[in-house]
Amino acid sequence: MKTESLRDTYGKELVELGRKDPDIVVLDADLSSSTKTGYFAKEFPERFFNMGISEQSMVTTAAGLAISGKKPFVSTFAIFLMRTYEQIRQSICYNDVPVRFVVTHGGITVGEDGATHQIVEDVGIMSGLPNMSVIVPSDSVETKSVIDYLENIKHPHYVRLSREKFPVINDLSYEFKIGRGYVVKDGSDATVIANGIMVSKALEAANALKDKGIDLRIINMPSVKPIDKDIIIKAARETGRIITAEEHSIYNGLGSRVSEVVSENYPVIVKRIGMRDTFGKSGKAMELFSYFHMDVKDIIDYVIQSLEEKSYENIS
Amino acid sequence: MEATQIDLSDIALKIRREIIRMVYNAQSGHPGGSLSVTDILTVLYFKEMNIDPNKPKDPKRDRLILSKGHASPALYATLAIRGFFPVSDLSGFRKLDSHLEGHVTREVPGVEVSTGSLGQGLGIGVGMALAGRLDGMQYRVYVILGDGEMEEGNVWESLMAGYKYNLNNITAILDKNGIQLDGYTKDIMPMHDIKSMVESFGWNVIEIDGHNYDQIHEAVQASKNSDRPTFIIANTVKGKGVDFMENNPKYHGSPPESKELFERAMKQLGEQI
């Protein structure tokens with residue numbers, strides 16, 4: 001599969017938005033060459049604010065810009081935005097102003113930089129905030145559509161990108177809608193609900209399972225909050241088994257949200273793939289997925305395991 | 001509406017009485033830092049700022065951020081007396097069915113931004129000032145901070161940003177009353193010399209008596225004519241105007257606890273009984 005960089009797509013799309021919308025402003029904290037907001041800085045220096053290594057100042061300044069009618073995009077590495085949790089809570093979410101956080105280097109794909117630069121808790125932290133929407137795109141096509149969607153939002157949003165290039169899985173007609181999940185492959189034996197890079201891994205797993213006669217449904221769930229309840233309940237009802245997969249902790253991320261929907265509406269077996277109450281580690285990005293049991297092989301194992309277990313309906 | 005000096009002291013007394021009534025009514029709230037900042041708010045809202053209570057969202061209006069959001073009684077009373085909403089609303093302060101929360105909220109007419117968690121207001125002011133400049137608007141941004149609040153790192157980050165972008169459309173005012181929740185600021189976290197510290201961050205610093213209307217007026221005028229962002233250090237008295245509250249850390253966050261103390265405070269603030 002062809003691979004493309006999500007942050008590169010972000011940087012380029014930001015320039016496109018900036019050309020057509022003079023209210024777009026961008027803030028970064030000394031990482032614009034890595035987050036790719038540097039493209040915007042080069043073309044629109046008067047609308048780009050490099051706040052230095054001062055994330056709290058970046059976030060509160062963005063609040064003031066948004067309150068005054070500007071459309072701020074705020075970027076840094078996901079981990080470093082987290083130190084401003086309280087600024088985000090009070091100055092952005094409580095005031096309910098449309099600041100667009102588009103963070104890069106989320107998850108473990110930062111690779112060799114190691115645990116201090118990897119974050120697998122951010123989706124949970126941000127999802128807990130009232131008024132905040134949380135989005136994890138699965139490829140560059142989806143990223144572009146998400147960035148376009150952000151132009152005219154009315155509330156704060158958190159978009160989490162990873163560092164590595166991702167396989168392109170969506171076709172160019174894809175259109176992002178907040179709160180919607182997407183069936184990328186239909187199937188009836190079990191459902192994998194994934195986001196980020198795990199969607200492409202789930203697709204690979206589905207191909208391998210087809211040879212074993214297992215027909216897997218795959219749902220791409222970019223919106224962790226609000227989440228698409230209907231598509232989850234339908235999958236629970238029709239396939240009886242759900243496996244979640246995310247480049248994030250299984251706690252408070254996609255797996256937790258899906259589990260909540262399932263247990264409250266149509267209880268079936270749910271298995272979660274992701275980081276398990278642990279920090280990351282230095283290593284090549286793709287090696288880390290296998291090290292932490294989050295690779296294609298693991299998805300296959302979890303699916304087979306779930307099929308071997310009795311469904312709750314049969315137990316009663 | 002421009003008020004004369006005599007009017008200003010009358011207005012300030014009225015605001016102070018409402019502050020005491022609000023915290024006594026609610027049996028909670030922060031009178032000390034509300035009374036210390038009253039004269040600053042009085043001069044800003046009744047003399048200096050370009051605002052219109054009938055058009056609270058006018059794009060040309062000056063903006064004020066009360067970064068020390070616990071002084072909400074002072075801001076709410078000022079806005080009500082200035083005509084943004086009925087003075088009778090003040091009796092609902094801190095109660096469930098009222099729009100007047102314990103800390104400043106944006107729901108209230110005339111309030112620009114919700115505040116209460118310290119250290120964030122100056123950054124928001126920097127963002128508003130940048131937006132005003134981008135839009136070619138002439139409005140001024142006022143940010144009021146407390147001296148305990150200066151302990152927050154976010155403030156110093158925002159001072160750096162104000163210097164970098166040379167925001168001469170921002171006036172920060174420090175309500176330097178020397179007391180924070182746990183006691184005297186000089187004991188909790190002493191700062192060697194705030195004036196030279198802020199100056200070294202590149203700001204135009206003016207030091208005044210924060211209860212002297214002429215000095216407040218002159219400092220604000222000077223900030224309007226400065227080619228740099230201005231930081232006014234206003235030396236104030238915590239609990240100003242009520243003898244048992246003045247310079248008493250106890251009244252940072254406690255109301256008068258008895259009817260006798262309430263009446264004593266109101267009498268000192270000129271209430272005719």
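Helix H6 (185-188) and helix H7 (194-200) of chain B each supply at least two residues of the lining of the largest pocket. Helices here (H or I, at least four residues) and strands (E, at least two) are DSSP runs, numbered from the N terminus. The structure is a predicted model, in which local features need pLDDT of at least 70 and side-chain atom pairs count only at pLDDT 80 or more, while totals for chains, interfaces and linings use all residues. Residues are numbered from 1 along each chain as its sequence is written, chains are lettered from A and ligands numbered from 1 in the order in which they are written, and side-chain values use heavy atoms, with hydrogens and water left out.

The volume of this largest pocket comes to about 280 Å³. A pocket is an open set of points on a 1 Å grid over the protein atoms alone where a 1.4 Å probe fits, with protein on both sides within 12 Å along at least five of seven lines; lining residues have an atom within 4 Å of a point. Grid points are joined across faces, edges and corners, and the volume is the space filled by probe spheres set on the points. Of the 15 lining residues, B:Asp147, B:Lys176, B:Thr185, B:Met191 and B:Ile194 lie nearest the centre. The lining divides into 6 nonpolar, 3 polar and 6 charged residues (Ala, Val, Leu, Ile, Met, Phe, Trp, Tyr, Cys and Pro count as nonpolar, Asp, Glu, Lys and Arg as charged, and the others, Gly among them, as polar).

Turning to the interface, 27 residues from chain A and 25 residues from chain B take part in the contact (heavy atoms within 4.5 Å). The two chains bury about 2,000 Å² between them, 53% of it on carbon and sulfur atoms; buried area is the accessible area (1.4 Å probe) that two parts lose on being put together, summed over both. A:Ile67, A:Tyr94 and A:Asn95 supply 23% of the area that chain A buries against chain B, more than any other three residues.

The rule finds 1 salt bridge across this interface (a side-chain nitrogen of Lys or Arg within 4 Å of a carboxyl oxygen of Asp or Glu). B:Asp135 pairs there with A:Lys70, their closest N and O atoms being 2.6 Å apart. On the side of chain A that touches chain B, strand S3 (48-50), helix H4 (55-67) and helix H6 (85-94) of chain A each supply at least two residues, and H4(A) gives the largest share, 9 residues.
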